[in-house]
Amino acid sequence: MDFTLSDKMQAIIGMMREFVDKELIPLEPEFLDRDFGEMVPFLEEKRAIVRQMELWAPNHPKEYGGMGLDLMEHALVSEVLGRTPIGHYVFGCQAPDAGNIEILHRYGTEAQKGQWLAPLVAGRIRSCFSMTEVDLPGSNPVMMDTTAVCEGDQYVINGQKWYSTAADGAALAIVMAVTNPEAPPHLRASMIIVPTDTPGFNLVRNISIMGHAGSGYFSHGEILYQSCRVPVANLLGPEGWGFVIAQERLGPGRIHHCMRWLGICSRAFDLMCKRAQERVITPDGKTLATRQIIQAWIAESAAEIQAARLMTLHAAWKIETLGAKEAREEISLIKFYVADVLQRVVDRALQVHGGLGMTDDTILAFFYRHERAARIYDGADEVHKVAVARRILKEYAGRTVR
Ligand SMILES: Cc1cc2nc3c(=O)[nH]c(=O)nc-3n(C[C@H](O)[C@H](O)[C@H](O)COP(=O)(O)OP(=O)(O)OC[C@H]3O[C@@H](n4cnc5c(N)ncnc54)[C@H](O)[C@@H]3O)c2cc1C
């Protein structure tokens, strides 16, 4: 692997970093204090500047108005934008829209692309992804109760989902529902596009997460689908391909998440080092930075961030050169390892800030609250660890080791 940044990427990363530092980080106090809806006009202003700078939708296809960066390039972008919770949103590459755009681009019919893909990439509408159910394990989604029964030229959808991130205010949901109950488990479900103004699409609530229900883009919806009828033309990809498409959505998505987490790590690390340098803890002027335990946290964090970053870039490189299937193990490794590094680095940074770390006067408490979920979504730690260990142990079956 070559770690040299091309001139193009150096320029892009440089401009984005400057924009994040000068335009977005100063907005964070208001972001932490206000409802997301109140922030939208300010964020739209920033989005307009990003479009003028031709940095909009870095990972989305050029023919739809994105920059068309490849996975490795977007990984580097995701790291820079991850330094602030509003980075991806302002640059038009936020989850879950990013994943939905990828699958619409790959599997959408021309009509679906015209109706949904173009306005999504342009940032005129938002979407959500509705797979996880309240009463069944998201870790094993072949256990799914939501059904889509074909009646004439319509699917009738019934079921209860939750954690449909950003459902509040979304124009469409991509819903996973069982269409072929008699098929083998992994071929039972399909993805179906459901406009959120369809009768029977009911956003029950924004779930309160760590004390905040949030709103708009920053929320997680519980949705009841009650005899929700959509045309069969809203099927995304072939019937029964729900899990195949979901897997494809998750591979690159995990790279984006891991690099975003590394952006958070680098921000938390900067805050930790600065605080350690400045916080005087003795009358004769010694700072926190003079204490070995703090120095150890800084050195350990630096090593862990570097290891996580190299692992993630390697996984991205493997996906690009050999495909997501061949890179399954690397993807699982980074999913739990980087999430763990993220928790540790944010926790240490918060600890170094003492009481200040618990307040919303820095961004650390927000990261601490919201990023705990990194060890749960897109496959809980344990699921990835079990998968990796199984594959490794298989190689030892019947093998002589001296
Ligand atoms: C912030 C956030 C955003 C999300 N966004 C979305 C979204 O946009 N769309 C969507 O559809 N879903 C979303 N989810 C849901 C997420 O995908 C699920 O929470 C996840 O798949 C885990 O499923 P579960 O919550 O049902 O936990 P369960 O499957 O019940 O698992 C609970 C715990 O059991 C353990 N466990 C599970 N299986 C195994 C195993 N095989 N071996 C060992 N231990 C195991 C793990 O520790 C796991 O954390 C989101 C979740 C969060 C927290």
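This is a predicted model: local features need pLDDT of at least 70, side-chain atom pairs count only at pLDDT 80 or more; totals for chains, interfaces and linings use all residues.

Where is P96 found?

Author: Residues are numbered from 1 along each chain as its sequence is written.

P96 sits in the loop between α5 and α6. Helices here are DSSP runs of H or I with at least four residues, strands are E runs of at least two, and both are numbered from the N terminus. The peptide bond from A95 to P96 is cis, with omega near 0°. Most peptide bonds are trans, and most residues other than glycine have a negative phi.

C93 lies in that loop too, between α5 (87-90) and α6 (97-107). Is C93 buried or exposed? It is buried, because 27 other C-beta atoms lie within 10 Å. The cut-offs are simple: 20 or more other C-beta atoms within 10 Å means buried, 12 or fewer means exposed, and anything in between is partly exposed, with C-beta atoms placed from the backbone. Neighbours within four places in sequence aside, C93 is in contact with A57, P58, N59, H88 and A98. Contact means that two C-beta atoms, placed from the backbone, lie within 7 Å.

From C93, step across to H74. The two are 19 residues apart in sequence, and their C-alpha atoms are 9.6 Å apart in space. H74 is one of the buried residues of α4.

Now follow α9, residues 292-322. It has 31 residues and reaches 44 Å from its first C-alpha to its last, close to the 45 Å expected at 1.5 Å a residue. That expected span is 1.5 Å times one less than the number of residues. The buried residues of α9 include I294, W297, S301, E304, I305 and A308. Notice the spacing. An α-helix has 3.6 residues a turn, so residues three or four places apart point the same way. The buried residues of α9 pack against α4 (71-81), α8 (242-278) and α10 (328-352). Just after α9, G323 takes a positive phi of about 100°.

How does α9 meet α10? Two packed helices are described by the angle between their axes and the distance between the axes. The axes of α9 and α10 come within 9 Å and cross at roughly 155°. That makes α9 roughly antiparallel to α10. Axes are lines fitted to C-alpha atoms, for helices over the stretch in contact, and angles run from 0 to 180 degrees between N-to-C directions. Under 35 degrees counts as roughly parallel, over 145 as roughly antiparallel, 65 to 115 as roughly perpendicular, and the rest as oblique. The crossing of α9 and α10 is left-handed: the near helix is turned anticlockwise from the far one by less than a right angle. The residues of this contact divide into 14 nonpolar, three polar and five charged. Ala, Val, Leu, Ile, Met, Phe, Trp, Tyr, Cys and Pro count as nonpolar, Asp, Glu, Lys and Arg as charged, and the others, Gly among them, as polar. On the α9 side, W297 and I305 are among the residues that meet α10. On the α10 side, Y337 and V341 are among those that meet α9.

Helix α8 meets α10 as well. Their axes come within 9 Å and cross at roughly 20°. That makes α8 roughly parallel to α10. This crossing is left-handed. Its contact residues divide into 20 nonpolar, one polar and four charged.

M272 touches I298, R348, A349 and V352, leaving out residues up to four places away in sequence. A349 is 77 residues from M272 in sequence, yet the two C-alpha atoms are 4.6 Å apart.
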